[in-house]
Amino acid sequence: MKNFDLDGISIEEKLKLVDRLWESILIDEEKVSSPHWHKDVLAERKKLIDEGFAEFVSVDELSAE
């Protein structure tokens, strides 16, 4: 793996790099396993939704806060 001078690149270039990293991870998605605790968190969130205790907001609403 090459070393990159991240201080020497712009924010825009860093964001593009992050996008490319995510794309490369998604290609091998089946090779990536979620931690066991993710299942527990998702189950708890589903329970809150089912019981009517969850509140959903859009990204725009969240950004405005």
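These legends accompany several close-up views of one predicted model.

View 1. To find your way around, start with Leu 17, which sits in helix 1 (residues 11-27). Leu 17 has a relative accessible area of 31%, so it counts as partly exposed.

View 2. Side chains of opposite charge can pair when their charged atoms come close. Here the partners are Glu 12 and Lys 16, whose closest N and O atoms are 3.4 Å apart. Both residues belong to helix 1 and lie 4 residues apart, about one turn of the helix. Glu 12 is exposed because its relative accessibility of 52% is over 50%.

View 3. Asp 50 and Lys 46 are 4 residues apart in helix 2, so about one helical turn separates them. With a relative accessible area of 55%, Asp 50 is exposed.

**View 4. Helix 2 from end to end.** How far apart are the end C-alpha atoms of helix 2? Helix 2 (residues 36-50) has 15 residues, so at 1.5 Å a residue it should span 21 Å. The end C-alpha atoms are 22 Å apart in the model, which agrees with that expectation. After helix 2 comes Gly 52, with a positive phi near 80°.

Note on methods. Residues are numbered from 1 along each chain as its sequence is written. This is a predicted model: local features need pLDDT of at least 70, side-chain atom pairs count only at pLDDT 80 or more; totals for chains, interfaces and linings use all residues. Side-chain values use heavy atoms; hydrogens and water are left out. Helices (H or I, at least four residues) and strands (E, at least two) are DSSP runs, numbered from the N terminus. Buried means under 20% relative accessible area, exposed over 50%, partly exposed in between (1.4 Å probe, protein chains only). The expected span of a helix is 1.5 Å times one less than its number of residues. A salt bridge is a side-chain nitrogen of Lys or Arg within 4 Å of a carboxyl oxygen of Asp or Glu.
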